[in-house]
Amino acid sequence: MSNEGYDIIFRVDGGGGYGVAMGHVYHCRRLARQLAGLGLRPCFMMRDYRAGVEKIKDTGYPLHTIPEHAGEHEITPLLMNLATRYGASIYLDVRDENSCIINAASKAGILTFVYEDEMLTEVAPDVLFNPSP
């Protein structure tokens with residue numbers, strides 16, 4: 001796998017307490033492995049929560065950490081810069097900043113995928129994975 005660029009950026013958090021479970025990280029890690037097997041180059045952007053970060057470091061995929069308490073208006077430009085630089089799609093498995101990121105990605109023509117049990121905003125990603133019945 002080449003590290004010269006990324007095809008998909010996983011924006012996920014896990015292991016930070018306050019209900020931020022590791023299931024999100026395991027789900028994205030599994031999907032990244034499958035996509036890498038198809039020749040895509042995944043990377044991760046996540047809050048600097050030790051447990052989640054360590055699970056991604058173990059995979060060897062590129063990882064960009066963001067401060068634990070960064071808000072959506074700080075995270076969105078970082079993510080958009082990375083996606084724009086590499087022409088990468090964005091896969092979101094977080095609840096707190098989907099709206100801001102989806103709006104910015106839509107304006108930039110960046111494909112967004114969202115894994116969400118409950119889409120709480122009026123903003124629609126390009127693809128929504130919703131496991132709820």
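Residues are numbered from 1 along each chain as its sequence is written, and side-chain values use heavy atoms, with hydrogens and water left out. Because the model is predicted, local features need pLDDT of at least 70 and side-chain atom pairs count only at pLDDT 80 or more, while totals for chains, interfaces and linings use all residues.

The secondary structure of the chain comes to four helices and six strands; helices (H or I, at least four residues) and strands (E, at least two) are DSSP runs, numbered from the N terminus. Along the sequence, these elements follow the pattern β-α-β-α-β-α-β-α-β-β. Of the 133 residues, 41% count as buried, where buried means under 20% relative accessible area, exposed over 50%, and partly exposed in between (1.4 Å probe, protein chains only). The chain exposes about 7100 Å², and carbon and sulfur atoms supply 50% of this area; accessible areas come from the Shrake-Rupley method with a 1.4 Å probe, and for residues only the protein chains shown count as cover. Among the contacts in the chain with a separation of 6 or more, 51% come from residues 24 or more positions apart, a contact being heavy atoms within 4.5 Å.

The six strands form an open sheet in the order β3-β2-β1-β4-β5-β6, with parallel pairing. Two strands pair if DSSP finds at least two bridges between them. At the edges of the sheet stand β3 (63–66) and β6 (127–129), each of which pairs on one side only. Neighbouring strands are turned by 15° against each other on average, direction ignored; axes are lines fitted to C-alpha atoms, for helices over the stretch in contact, and angles run from 0 to 180 degrees between N-to-C directions. In general, strands of a sheet pair through backbone hydrogen bonds, either parallel or antiparallel. Strands β1 and β2 pair in the parallel sense over four bridges, and Phe 10 has Phe 44 in β2 as its bridge partner. Helix α2 (residues 50–57) packs on the sheet and touches β2 and β3. The direction of α2 makes about 170° with that of β2.

Helix α4 (residues 98–108) contributes several buried residues, namely Asn 98, Cys 100, Ile 101, Ile 102 and Ala 105. The cover over these residues includes β1, α3 (72–86), β4 (89–93) and β5 (112–115). Just after α4, Gly 109 takes a positive phi of about 75°. In the loop between β4 and α4 lies Val 94, which is buried with a relative accessible area of 7%. Not counting residues up to four places away in sequence, Val 94 touches Arg 11, Val 12, Asp 13 and Glu 116. Val 94 and Val 114 are 20 residues apart in sequence and 8.4 Å apart in space, C-alpha to C-alpha.

The structure holds three salt bridges, each defined as a side-chain nitrogen of Lys or Arg within 4 Å of a carboxyl oxygen of Asp or Glu. One of them joins the side chains of Arg 41 and Asp 7 at 3.1 Å, N to O. Arg 41 lies in the loop between α1 (23–37) and β2 (42–47) and Asp 7 in the segment before β1 (8–12), so this pair ties together parts that are 34 residues apart in sequence. Both residues are partly exposed, Arg 41 with a relative accessible area of 23% and Asp 7 with 24%.

Asp 13 forms a salt bridge with Arg 11 (2.9 Å, N to O) and another with Arg 47 (3.2 Å, N to O).

Disulfides, taken as pairs of cysteine sulfur atoms within 2.5 Å, come to a count of zero. Cys 28 is buried at 0% relative accessibility, and Cys 100 is buried with a relative accessible area of 17%.
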